[in-house]
Structure formats: C-alpha cells, structure tokens
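Colleague: Could you take a close look at one part of this model for me and talk me through it? I'd like to see how a single spot sits in its chain before we get to the rest.

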Amino acid sequence: MILIADSTVLYSALVYRGPESRVLFSGSHVFVTTQSNASEIYRIVTEKRGLKDSEALRLIESMPVLVVENSFIENEWKEAEELIGGRDISDVPLVALALSLPGHDGIWSTDKDFEAVRGRFRVWKTRDLLCGKG
Amino acid sequence: MGSKLLLNLPEKDSEKIEMLVEAGEYASKSEFIRFAIKQALYSEERIGELKAITSKLQKQTKNRKQIDEEVEEAKAETRRLLSKGQEES
C-alpha cells in the first residue's frame, strides 16, 4: 500500500523498537510524508537527542520514506486547512499531501485529530496495519 | 579489471532482462546486472547508516511518553511557524 505517514508514527518507528518500527521496516508498504513532518523529526533529533546536523540529515535521507517538496502540496493547502486546520494547523501539510497524491491508500497516524478526515480518507492506526485491517 | 561472475537466473527474470535490453533500457544483460548490484550495494550502505543512527536513538529512549512529549514540542513549533505563515525548510 501507499501510506501517508505522520511524524508521530515515523519518529516512534525510528527511536523505539515497537509496533511502528515493525510497520515501517516491514517492506510491505511505500511511505510518503511532507517536508514539514520531516522537519519535525529533524528538529527533535537535533535539539532533543543531540544528533549532529549531518547525522540527522543522514537519518532523514536513509529512512524508507519519500519526502515530498512543499510545492507539491501547495495547491491543496486551502482545502486541507478547511478540513483540519480548525483542529490542529500542524496537521494541514499531511492532509494537503493526502489531497495532492493520487492513488494512495490512506493516512497512517495515531493522532486523534485525523478522525476529522476519516470520511474523506482511510486513516490507519498502527495496530490496523499490523493485523491487516483498516 | 573486474572479476567475472557466473549467474544462474530464473528463466522468467532472464526473459524480463532481455526485454529491457531489447527495449533499449540497458545496453546489455551485463549492464543491467551491474546496475542492479550497484543499487543493492547503495541500499545496503543506507540501511547500515540508518541502523547505526536508530540504534543510538533507541538507546536514549526511556518510554513512549518521552516520544509523545518530544513530538508534541516539535508540532508546537510547526504550529508557531505555520501561524506566522513562515515556510519551513
């Protein structure tokens, strides 16, 4: 499947040997995220975890996730803002990506705010991906 | 001068490679194999780097609460940047 991945699940997969890690490194799916989400991961690992800039960049480049440029999602920004901006503006980039990317299979996140777009996209919890149901 | 390898490929794979060569995607079957090996070695290198960095991060992780708090702080910064209309790099 092609899954649009939130920073919470991606970060968790990278720093904790748990269910998110099993999903990300299963080799079963293609993961896509936005520059904003990648920047969040970059900020945490440099500011909180003490990685050097070069290590953080290698981490972002090496994770099995396609990071799309902001320009790819800008046309859908307004609609995304209408869909989820009222709940949490930090989720707008991911929803804009979901609106911009054709043929994806949904959003992978544990964030309850994405319930707001469940009618529009399939929203996968980690446990659903592990047991193969959406 | 490189070393020579004798490969046994499944018939189906061999046919697919031949089709790609005939379509002009690769100059020869050898070129395809060289390209595939380079790709695999590059992937292994990236996986090695990723494992080294994630292993370092995993050792620092105390519990899931720590993860949630770190992400929440990063999201707060995203909110601040987006509210200011500032594009992130």
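Here is a walk from one residue out to its chain and then to the partner chain.

Colleague: Where does Thr33(A) lie, and which residues is it in contact with, leaving aside its neighbours within four places in sequence?

Modeller: Bear in mind that this is a predicted model. Thr33(A) belongs to strand β2 of chain A, which covers residues 30-34. Thr33(A) has 26 other C-beta atoms within 10 Å, and the cut-off for calling a residue buried is 20 or more, so Thr33(A) counts as buried. Setting aside sequence neighbours within four places, the contacts of Thr33(A) are Ile4(A), Ala5(A), Leu10(A), Ala38(A), Val65(A) and Val67(A).

Chain A has 8 helices and 5 strands, and going along the sequence they come in the order β-α-α-β-α-α-β-α-α-α-β-β-α. Its radius of gyration is 14 Å, close to the 14 Å from the globule rule for 134 residues, so chain A is as compact as a globular protein of that length. The C-alpha trace of chain A spans about 40 × 35 × 25 Å along its principal axes. Thr33(A) is buried, and across chain A 45% of the 134 residues count as buried. If you take the contacts in chain A with a separation of 6 or more, 60% of them join residues 24 or more positions apart.

Chain B is another story to look at. There you'll find 3 helices and 0 strands, in the order α-α-α from the N terminus. Its radius of gyration is 23 Å, well over the 12 Å that the globule rule gives for 89 residues, so chain B is more spread out than a compact globule. The C-alpha atoms of chain B fill a box of roughly 55 × 35 × 30 Å along the principal axes, and buried residues make up 10% of its 89 residues.

As for how the chains meet, 22 residues of chain B are in contact with 26 residues of chain A. On the chain B side, α2 (29-60) and α3 (64-83) each bring at least two residues, and α3(B) gives the most, with 11 residues. Sorted by class, that side of chain B has 9 charged, 7 nonpolar and 6 polar residues.

Definitions and conventions:
Residues are numbered from 1 along each chain as its sequence is written. Chains are lettered from A and ligands numbered from 1 in the order in which they are written. This is a predicted model: local features need pLDDT of at least 70, side-chain atom pairs count only at pLDDT 80 or more; totals for chains, interfaces and linings use all residues. Helices (H or I, at least four residues) and strands (E, at least two) are DSSP runs, numbered from the N terminus. The radius of gyration is taken over C-alpha atoms; the globule rule is 2.2 Å times the number of residues to the power 0.38. A residue is buried if 20 or more other C-beta atoms lie within 10 Å of its own, exposed if 12 or fewer, and partly exposed in between; C-beta atoms are placed from the backbone. Two residues are in contact if their C-beta atoms, placed from the backbone, lie within 7 Å. Ala, Val, Leu, Ile, Met, Phe, Trp, Tyr, Cys and Pro count as nonpolar, Asp, Glu, Lys and Arg as charged, and the others, Gly among them, as polar.
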